[in-house]
Amino acid sequence: MPKSNQDWQEEYNRVKDVGQYIDKKIQRLKTYMQLIKERVIDIRKTFWDDVTVNLTEMDDAIETQASLKQQAEFLSERERSHGQLASEMNKLLDLKEKPYFGRIDFIEANQDTKEKIYIGTSSLMDENDEDFLIYDWRAPISSMYYDYAPGPAAYRTIDGEIEGEIALKRQYVIKQGELTGMFDTGLTIGDQLLQSVLGKFSSSKMGNIVATIQREQNKIIRNEKSKMLVVQGVAGSGKTSAALQRVAYLLYRYRETLTADQMILFSPNPLFNSYVSRVLPDLGEENIKQMTFYHYVEQQLGSRFTIESPFEQIEVVFSESESDSWSRLSGMRYKSSEYFLNRVDAYLADLMKEGLQFRNIRFRDQFIFTKEQLAETFYQFPEHVSIQLRLEKLAELILKRLNQLERKWIKADWVEDEVELLDKADLQEIFTKVENEVQENREGYHEADAESYYLKQKVVRRRLAPLRRKIKQLAFVNTKRTYMKLFDQVEPGEGITEKEWLELAKFTQENLQSNNLTWEDATPFLYFEKMIVGFEENRAIKHIIIDEAQDYSTFQLRYLTYIYPNSRMTLLGDVNQTIYYHSLTNNILTEDAIENTERVTLMRSYRSTRPIVEFTRSFIEDGDKIEPFNREGSKPTVYELDNQTIAEYKLYDCIDNYLNRKYPHIAVITKTMDEARELAQLLKKSYDQVQLIDQETHTFKTGIHVIPVYLAKGIEFDGVIVYDASTNQYLNELERYLLYTACTRAMHDLTLIAIGGISRFITEVPTSLYSFYRVHEIITE
Ligand SMILES: Nc1ncnc2c1ncn2[C@@H]1O[C@H](COP(=O)(O)OP(=O)(O)OP(=O)(O)O)[C@@H](O)[C@H]1O
């Protein structure tokens with residue numbers, strides 16, 4: 001729709017006017033903040049002047065304490081309000097740059113007036129605090145901007161649905177407070193604007209998408225009803241983006257009852273944490289806690305076990321073959337299956353009757369309870385009493401026994417010896433205690449005896465403290481040994497032969513025996529243990545968001561629902577980007593079993609150019625259903641090269657090409673960590689800014705990244721080189737997904753280099769969709 005000059009002028013002037021008004025507010029706020037700052041400095045300086053310190057009498061001391069408390073509260077209140085004003089200031093500074101990005105003109109049903117709704121990242125009221133100059137993108141009325149084309153429209157408020165008509169929908173390009181472009185749009189929000197946003201170079205930090213949220217993404221962002229929201233979205237469809245805008249939306253929508261520390265994002269790797277860390281602060285919200293599931297398991301079990309990381313497990317998968325007589329692969333699949341979960345649950349039920357393993361409780365080589373005695377007492381409880389309750393009762397009993405023994409040990413010789421080792425502070429504490437008791441004038445009180453008794457008691461209690469702590473933690477039950485015994489029962493079950501089961505049992509038990517936890521055992525073991533000793537529930541968490549959810553097992557999901565019982569869940573993933581072997585057969589995104597679930601599917605891919613999407617979607621089943629966003633670019637290039645020397649030469653060539661295009665983020669994606677390490681070493685000889693990404697890398701910078709595919713999850717690069725895309729690297733089903741994941745990281749350019757024959761997944765792609773070169777030798781001058 002052509003815009004008239006008058007329209008343009010009016011909009012141009014409005015941006016200027018709003019800008020001036022924001023400037024005025026900034027100045028006012030600055031002055032006010034300066035005042036508060038001076039006051040805070042003043043209070044700090046004169047803090048002690050305003051406190052009356054008098055410690056002579058008890059009453060005076062109490063008064064002093066109250067006066068101190070009052071002064072400290074006053075100071076922290078001022079500091080807090082300075083903090084709030086600083087956040088208000090940040091919002092205003094952002095609005096000054098870009099006050100709004102969209103507008104709808106809405107005529108409410110049965111009313112004549114047309115309301116112009118300008119939409120930005122936060123709201124702004126006029127001078128009289130009466131009208132909105134800008135509406136927050138999360139306000140109920142703003143939802144129509146994302147959901148409707150011009151014509152009939154409606155939005156929901158707490159009082160019900162408001163119907164009406166959108167007379168105009170407009171988008172703005174505002175740079176540094178100046179209007180530089182505007183478009184009147186139809187249903188989809190500004191193909192034109194989206195084109196320009198998506199065509200830009202990548203950034204080290206993901207940006208927000210509030211100006212161009214698409215309708216189907218808006219469904220995810222504003223979903224409020226579902227206890228569980230499952231999003232299956234193709235690569236680059238904006239799952240992570242939608243998830244983060246959803247967090248911002250929920251924080252706004254429930255600002256009275258929900259805070260950032262009540263939400264957790266489970267992310268695929270540490271690098272991803274850094275990559276998405278700016279989205280929420282840029283939207284004026286605090287970041288929420290982010291962690292990987294591995295990190296969580298480490299926190300829980302890391303002090304007792306060496307835990308294999310999920311990435312180490314992937315590397316094992318690459319080196320194993322299913323045709324081996326027994327491979328860990330079948331174990332991985334088995335241990336993450338619903339079947340195994342049921343097996344574990346059945347075993348837990350059996351433990352109510354028999355089989356729970358205990359540890360001897362000893363103190364200084366003396367048995368307090370043997371494991372047999374503990375088992376006997378445990379199984380004397382009625383069968384219906386839960387394991388956890390029985391253990392708690394048992395702990396009480398043990399602690400009681402310890403109290404009795406403590407009195408006996410106080411008289412022991414070793415205690416006498418150790419009293420000599422007590423330090424000054426300990427002695428002082430006991431002397432004061434005795435002094436106080438002397439003052440109580442108890443009859444027959446003997447000071448020296450009391451001192452000696454308390455000193456010995458101190459020695460015994462100190463020595464007993466670790467044991468008491470362990471007993472309170474129910475550490476006298478041997479969960480490891482009990483879990484190991486599960487594998488003594490010969491019961492192969494689904495998809496696993498008896499011979500395989502025996503191998504699997506031996507492998508599991510040997511590992512556990514030496515305190516090594518494979519990744520496939522980590523969650524089942526954790527689940528098993530917590531079912532016995534009790535889950536540490538975190539009832540404060542109200543929302544958890546799981547990105548790359550396709551890689552989670554049923555166990556992991558079940559576990560999370562147990563530890564966050566009050567939480568809603570948002571699961572986002574893509575079955576075609578599965579990187580864990582176990583998920584090939586049990587993918588939670590495709591399971592129907594999850595109850596109370598709402599599902600949303602995203603089929604449009606925004607990250608990559610049309611030619612890249614057309615190429616990559618050919619690798620996967622039903623790929624033709626993936627809709628590319630119409631952004632032009634060159635076709636992916638595939639090189640089939642005879643040997644490594646030529647391949648390396650081509651690699652340099654491609655990197656030079658990408659560098660010439662000034663791509664800020666270039667990735668050389670390998671299959672394994674070893675390959676990445678070797679290549680990074682090689683490339684560092686010729687280029688600055690080469691960064692090897694491993695599982696410890698926490699920050700994402702500009703430059704050339706050499707990265708194994710499984711660590712590139714969730715991240716994007718301007719130009720991607722897949723090295724090496726040969727048939728012996730990408731052959732089986734899991735490798736199909738890996739190749740798809742690697743290629744879909746590319747925004748603008750994609751090159752695949754294969755040493756020897758190209759992968760069968762590439763040969764399945766119609767040749768019209770890529771440029772192909774076979775090179776036997778490189779001729780240089
Ligand atoms: N509505 C949108 N407006 C602008 N950019 C968008 C929009 N939706 C997605 N994008 C962009 O597309 C790219 C991919 O988005 P995102 O990483 O959220 O997708 P994803 O589905 O999580 O991808 P993957 O599963 O492949 O990691 C990002 O650069 C994001 O900014």
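Isoleucine 119 stands opposite tyrosine 135 of strand S4. In this predicted model, local features require pLDDT of at least 70 and side-chain atom pairs count only at pLDDT 80 or more, whereas totals for chains, interfaces and linings use all residues. Residues are numbered from 1 along each chain as its sequence is written. Strand S2 (residues 114-120) and strand S4 (residues 132-136) run parallel and are joined by 2 bridges; strands pair if DSSP finds at least two bridges between them. Strands (E, at least two residues) and helices (H or I, at least four) are DSSP runs numbered from the N terminus. S4 also pairs with strand S3 (residues 124-125), here in the antiparallel sense and over 2 bridges. Methionine 125 has phenylalanine 132 of S4 as its bridge partner. The hairpin of S3 and S4 has 6 residues between the strands, and aspartate 129 in this hairpin takes a positive phi near 60°.

The chain as a whole contains 26 helices and 26 strands. Its C-alpha atoms fill a box of roughly 105 × 80 × 60 Å along the principal axes. Of its 781 residues, 37% count as buried (20 or more other C-beta atoms within 10 Å of the residue's own; 12 or fewer is exposed, in between is partly exposed; C-beta atoms are placed from the backbone). Contacts are assigned to residue pairs whose C-beta atoms, placed from the backbone, lie within 7 Å. Among contacts between residues at least 6 apart in sequence, 72% join residues at least 24 apart.

The ligand is surrounded by 23 residues, of which Thr212, Gly238, Lys239, Thr240 and Ser241 are the closest; a residue is near a molecule if its C-beta atom, placed from the backbone, lies within 6 Å of it. Helix H4 (191-199) and helix H6 each supply at least two residues of this shell. By class, the shell comprises 7 nonpolar, 12 polar and 4 charged residues, where Ala, Val, Leu, Ile, Met, Phe, Trp, Tyr, Cys and Pro count as nonpolar, Asp, Glu, Lys and Arg as charged, and the others, Gly among them, as polar.

An unreviewed UniProt entry lists under "binding site" Gly233, Val234, Ala235, Gly236, Ser237, Gly238, Lys239 and Thr240; such annotations may be inferred rather than shown by experiment. Alanine 235 lies in the loop between strand S8 (228-233) and helix H6 (239-253), and glycine 236 is placed in the loop between S8 and H6. Alanine 235 counts as buried because it has 23 C-beta neighbours inside 10 Å. Glycine 236 is buried, with 27 other C-beta atoms within 10 Å. Not counting residues up to four places away in sequence, alanine 235 touches Asp574, Gln577, Ser605, Arg607 and Thr744. With neighbours within four places left aside, glycine 236 is in contact with Ser605, Tyr606, Arg607, Ser608 and Thr744.

Proline 628 is found in strand S19 (residues 627-628) and counts as buried, with 21 C-beta neighbours inside 10 Å. Its contacts, leaving aside neighbours within four places in sequence, are Ser605, Arg610, Val613 and Glu614.

Helix H14 (residues 387-409) has 23 residues and spans 32 Å from its first C-alpha to its last, close to the expected 33 Å; the expected span is 1.5 Å times one less than the number of residues. Its buried residues are Ile387, Arg390, Leu391, Leu394, Ile398 and Trp409. Their cover includes strands S12 (361-363) and S13 (366-369), together with helices H13 (371-378), H15 (413-419), H17 (447-472) and H20 (519-533).

How values were computed
Two residues are in contact if their C-beta atoms, placed from the backbone, lie within 7 Å.
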